[in-house]
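User: I'm new to this structure and would like to learn how to read it. Could you walk me through a few features?

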Amino acid sequence: MIRRPPRSTLSSSSAASDVYKRQVKTACKNKRLLKLKRGVDLLISLPDGRVLGEDVQLDELGSEVLLVAGHTRSVVPKVELPEDFHFSQIGSGRLALWHKPGDKYFPGLAQAGCTLVMSALCEKEGAFHIQHEAQKAQIRWEHVDLCCAKWDYLEEKLPEIRVTCQAIADEIRAGGAVLLHCSAGRHRTGSVGYAALRELGYSAGQARELLLELRPKVMAAGGVSEKRLEIVEKLYTEQST
C-alpha cells in the first residue's frame, strides 16, 4: 500500500514526498491497484471508467481524487454513450462510424479510448465546434471538408478523401481508436468509411460487410448507395490498373 505523507511533509522538496512520488510512478508502470481510502492511496483508472481489477464506476466514487504519478486529478463521472455507438476492432486498432456527436458525449468518447475524431463536415455544419469539443476532451481532431455526398461532388473530392483515409488507416495501424462521422452518419460517413477500409487492405466485399457491422441499422436501411461506393472505389481500382 502506498501512503501519502502527512500534508506537513508533502512539499516538493521533502524526502517523504520524493519517496511517495517514486512509489506512485512504479505502481503506475506496473499497473498495480491500491484500494481507495479517501485520497490516501492510489487508483489506476481504465478508459471505460472502471478501476483496474474491480467492477467500480468512477461516478460511484463521488469527489474522491485519483493520484497518478504524484499529481492529483479530479474524478470524472463515467459518461454513457448511446446504444447506436460502438467501436469495432479493425486490425490493430478500432473504428466507429456515427452521426455528429453531441457535446455531452466527448468525455465518454475519451473514456472509451477514442484517439482521433475525423469530421466529414463543412464549416457551416459546426466542424470547428467539434474540433473545440474534441480538444477539450484531449482527443485529436482532423477534418475533411465535405459539404454533401452528391455524386459529382463526391468525385471531385476523391483526392481529399484519399488523404483522409490514409490518416484514418495510419491511426488504426498504430493501435488508435477512430470516430468517423458526418452529420447524420449516413452518406458521407459510409462513403469515407468504405474507402478507409479499402485503404486498410480489405477487399471490396469485405469492406461492404464491415460497413454493416460498424453502422448496422443505418447501412442496412440503405445508408450509403451503391453508386457512392462505386465512386470511391475508383481510388483503388484505378490504382491497381
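User: Where is Lys 104 found?

Analyst: Helices (H or I, at least four residues) and strands (E, at least two) are DSSP runs, numbered from the N terminus. Lys 104 sits in the loop between β6 (93–98) and α2 (106–111). This is a predicted model, where local features need pLDDT of at least 70 and side-chain atom pairs count only at pLDDT 80 or more, while totals for chains, interfaces and linings use all residues. Residues are numbered from 1 along each chain as its sequence is written, and side-chain values use heavy atoms, with hydrogens and water left out.

User: Is Lys 104 buried or exposed?

Analyst: Buried means under 20% relative accessible area, exposed over 50%, and partly exposed in between (1.4 Å probe, protein chains only). Lys 104 has a relative accessible area of 59%, so it is exposed. In sequence, Lys 104 and Leu 81 are 23 residues apart, yet C-alpha to C-alpha they are 9.4 Å apart in space.

User: What about phi? Which value does Gln 138 have?

Analyst: Most residues other than glycine have a negative phi. Gln 138 isn't a glycine, but its phi is positive, near 60°. You'll find Gln 138 in the loop between α3 (127–136) and β8 (140–143), and with a relative accessible area of 75% it is exposed.

User: Now helix packing. At what angle do α5 and α6 pack?

Analyst: Axes are lines fitted to C-alpha atoms, for helices over the stretch in contact, and angles run from 0 to 180 degrees between N-to-C directions. Helix α5 (residues 158–173) packs against helix α6 (residues 187–199) at about 60°, and their axes are 8 Å apart. Angles under 35 degrees count as roughly parallel, over 145 as roughly antiparallel, 65 to 115 as roughly perpendicular and the rest as oblique. That's why α5 and α6 are oblique to each other.

User: Which residues make that contact?

Analyst: Contact means heavy atoms within 4.5 Å. On the α5 side, the residues include Ile 161, Cys 165 and Ile 168; α6 brings Val 192, Ala 195, Ala 196 and Glu 199. For classes, Ala, Val, Leu, Ile, Met, Phe, Trp, Tyr, Cys and Pro count as nonpolar, Asp, Glu, Lys and Arg as charged, and the others, Gly among them, as polar. Here, that gives seven nonpolar, two polar and three charged residues.

User: And how do α6 and α7 pack?

Analyst: α6 and helix α7 (residues 204–214) pack at about 130°, with axes 9 Å apart. By the cut-offs above, this pair is therefore oblique. Tyr 194 and Leu 197 are among the α6 residues in the contact, and Leu 210 and Leu 211 are among those of α7.

User: How many residues of α6 are buried?

Analyst: Twelve of its 13 residues are, leaving α6 mostly covered. Among them are Val 192, Tyr 194 and Leu 197.

User: One more loop: which residues does Gly 176 touch?

Analyst: Gly 176 lies between α5 and β9 (177–181), and it is buried, with a relative accessible area of 6%. Leaving out residues up to four places away in sequence, Gly 176 touches Gly 93, Arg 94, Thr 115 and Glu 171.

User: And what does the protein have overall?

Analyst: It has nine helices and nine strands, and 44% of its 241 residues count as buried.
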